[in-house]
Amino acid sequence: MKRIIFNLSAFCLGCLAFSQTHTSSVINKNPKSLFDPTPFAFSHATSHDGEGQYVFISGQSGGEGLKHSLSADFRTQVKWSLKNLETVLSEYGLGVNDVLKITILIVDHDQEKLKIWTEEMHTTWKDHTFPASTLIPVPKLALDHMQIEVDAVAFIKNNRY
């Protein structure tokens with residue numbers, strides 16, 4: 001009987017440890033005294049609860065594949081920049097909900113581009129708990145025809161691996 005109880009206890013602890021390694025501890029704050037930023041696909045602030053390490057992700061463009069082909073279509077570049085971000089996150093076993101902060105650089109920013117960006121953020125962040133975010137309009141990026149660049153800061157808990 002002791003052996004059964006011990007094995008059951010070990011199993012329960014293992015399940016608890018597994019469940020904790022696959023849940024995000026990102027805390028989103030949207031003070032009630034400020035406007036609700038959720039429709040605009042960001043949070044006023046994010047933090048992380050727990051010990052771990054930050055992952056700083058370089059700006060991801062809308063380049064497609066290994067040849068880094070850039071579509072002339074802004075929405076296509078937005079989708080690819082977010083897909084590329086997800087690819088880098090997955091190298092750490094992370095997803096978009098582990099992202100604390102993003103910075104978006106958009107060439108010749110206007111309201112139509114903001115609308116497209118917001119729609120694609122809502123598609124990518126399915127639960128609509130968005131990271132803190134800063135959008136910076138710029139005249140040009142590193143490569144000709146590059147219309148968007150997205151960098152991110154994510155957090156990985158120590159017990160994730």
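This is a predicted model: local features need pLDDT of at least 70, side-chain atom pairs count only at pLDDT 80 or more; totals for chains, interfaces and linings use all residues.
Residues are numbered from 1 along each chain as its sequence is written, and side-chain values use heavy atoms, with hydrogens and water left out. Local features need pLDDT of at least 70 and side-chain atom pairs count only at pLDDT 80 or more, while totals for chains, interfaces and linings use all residues.

**Helix H3**

Helices (H or I, at least four residues) and strands (E, at least two) are DSSP runs, numbered from the N terminus. H3 covers residues 111-124, 14 residues in total. Its expected span is 1.5 Å times one less than its number of residues. That gives 20 Å, and the end C-alpha atoms are 20 Å apart, which agrees. Aspartate 110 caps the N-terminal end: one of its side-chain oxygens lies 3.2 Å from the backbone nitrogen of glutamate 112.

Buried means under 20% relative accessible area, with a 1.4 Å probe and protein chains only. In H3 the buried residues are Lys113, Ile116, Trp117, Thr118, Glu120, Met121 and Thr124. They pack against helix H2 (74-91), strand S4 (99-107) and strand S6 (148-157). Contact here means heavy atoms within 4.5 Å.

**H2 against H3**

The two axes, lines fitted to C-alpha atoms over the stretch in contact, come within 10 Å and cross at roughly 35 degrees. Among the residues making the contact are Phe74, Val78 and Leu82 of H2 and Ile116, Trp117 and Met121 of H3.

**The core**

A nonpolar core is a set of buried Ala, Val, Leu, Ile, Met, Phe, Trp, Tyr and Cys residues joined through side-chain atoms within 4.5 Å. The largest has 24 residues; Leu89, Ile102, Trp117, Met121, Trp125 and Ile148 touch the most other members. Strand S3 (52-61), H2, S4, H3 and S6 each supply at least two residues of this core. Beyond four places in sequence, methionine 121 contacts Ala41, Leu82, Ile102, Phe130 and Pro131.

| Residue | Location | Relative accessible area |
|---|---|---|
| Serine 61 | strand S3 | 6% |
| Serine 25 | loop between helix H1 (2-21) and strand S1 (26-29) | 15% |

Contacts of serine 61 beyond four places in sequence include Leu70, Trp80, Asn84 and Ile148.

Serine 25 touches Ser47, His48, Asp49 and Lys157, not counting residues up to four places away. The C-alpha atoms of serine 25 and asparagine 97 are separated by 9.0 Å, though 72 residues apart along the chain.

Key
Buried means under 20% relative accessible area, exposed over 50%, partly exposed in between (1.4 Å probe, protein chains only). A polar contact is a pair of N or O atoms within 3.5 Å; within protein, one must be able to donate a hydrogen and the other to accept it, and residues adjacent in sequence count only if both atoms are side-chain atoms. Axes are lines fitted to C-alpha atoms, for helices over the stretch in contact, and angles run from 0 to 180 degrees between N-to-C directions.
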